[in-house]
Amino acid sequence: MTYQEVFETVKEKFKDADVSHINEKLAFQFNITGEGEGIFYAEVKDGKLSIEPYEYYDRDAIFICKADTLFKIMDGKMDPVMAFTMQKLKVEGDLGKALRLKELMK
C-alpha cells in the first residue's frame with residue numbers, strides 16, 4: 001500500500017465523522033511507519049474536520065504507528081489504549097487530547 005492509498009483510505013473513513021459536538025480545536029498528526037510511510041494531520045476547528053497530507057506544527061498530539069494499526073483502530077477492531085499499551089501505537093504530546101481521537105471515529 002502506498003502513502004497515497006493510506007491517506008485516501010483515512011480520508012474516506014473520516015469523511016462522515018460528526019465533530020459538531022467538539023467545541024475546541026483539536027489537531028492530530030499521524031506519522032505512518034513501514035509500508036505506506038508518510039505524514040498527515042486531522043484538525044477539528046469550528047465544528048469541521050479537515051484531513052490534509054502535511055506535517056502540522058501546531059498539533060496537540062502525534063500518533064506514530066503502522067497503517068495496519070491505524071486502520072484497526074479506525075474500524076473499532078483495536079482499542080487505541082490497548083494499541084498504546086502493546087506498543088503498536090506511540091503517542092507524543094497532550095495525552096488528554098490524544099484520548100479524544102475516539103470522538104472522531106464515532
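**View 1. Phenylalanine 63 and its surroundings in the predicted model.** Leaving out residues up to four places away in sequence, phenylalanine 63 touches Phe28, Gln29, Phe30, Asn31, Leu89, Lys90, Val91, Ala98 and Leu101, where contact means heavy atoms within 4.5 Å. The model is a predicted one, in which local features need pLDDT of at least 70, side-chain atom pairs count only at pLDDT 80 or more, and totals for chains, interfaces and linings use all residues. Residues are numbered from 1 along each chain as its sequence is written, and side-chain values use heavy atoms, with hydrogens and water left out.

**View 2. The largest nonpolar core.** This core has 30 residues, and those with the most contacts inside it are Phe28, Phe30, Phe40, Phe63, Leu70 and Leu104. Two or more residues each come from helix 1 (3-14), strand 1 (26-33), strand 2 (38-45), strand 4, helix 2, strand 5 (89-93) and helix 5 (101-104), and helix 2 gives the most, with 5 residues. A nonpolar core is a set of buried Ala, Val, Leu, Ile, Met, Phe, Trp, Tyr and Cys residues joined through side-chain atoms within 4.5 Å; helices (H or I, at least four residues) and strands (E, at least two) are DSSP runs, numbered from the N terminus.

**View 3. Threonine 69 in helix 2 (residues 67-74)**. Threonine 69 has a relative accessible area of 7% and is therefore buried, a term that means under 20% relative accessible area (1.4 Å probe, protein chains only). Not counting residues up to four places away in sequence, threonine 69 touches Met78, Ala83 and Lys88.

**View 4. Aspartate 60 in the loop between strand 3 (48-52) and strand 4 (61-66)**. Aspartate 60 counts as buried because its relative accessibility is 16%. Apart from neighbours within four places in sequence, aspartate 60 is in contact with Lys25, Leu26, Ala27, Glu92, Gly93, Asp94 and Lys97.

How values were computed: Buried < 20%, exposed > 50% of the residue type's maximum accessible area, 1.4 Å probe, protein only.
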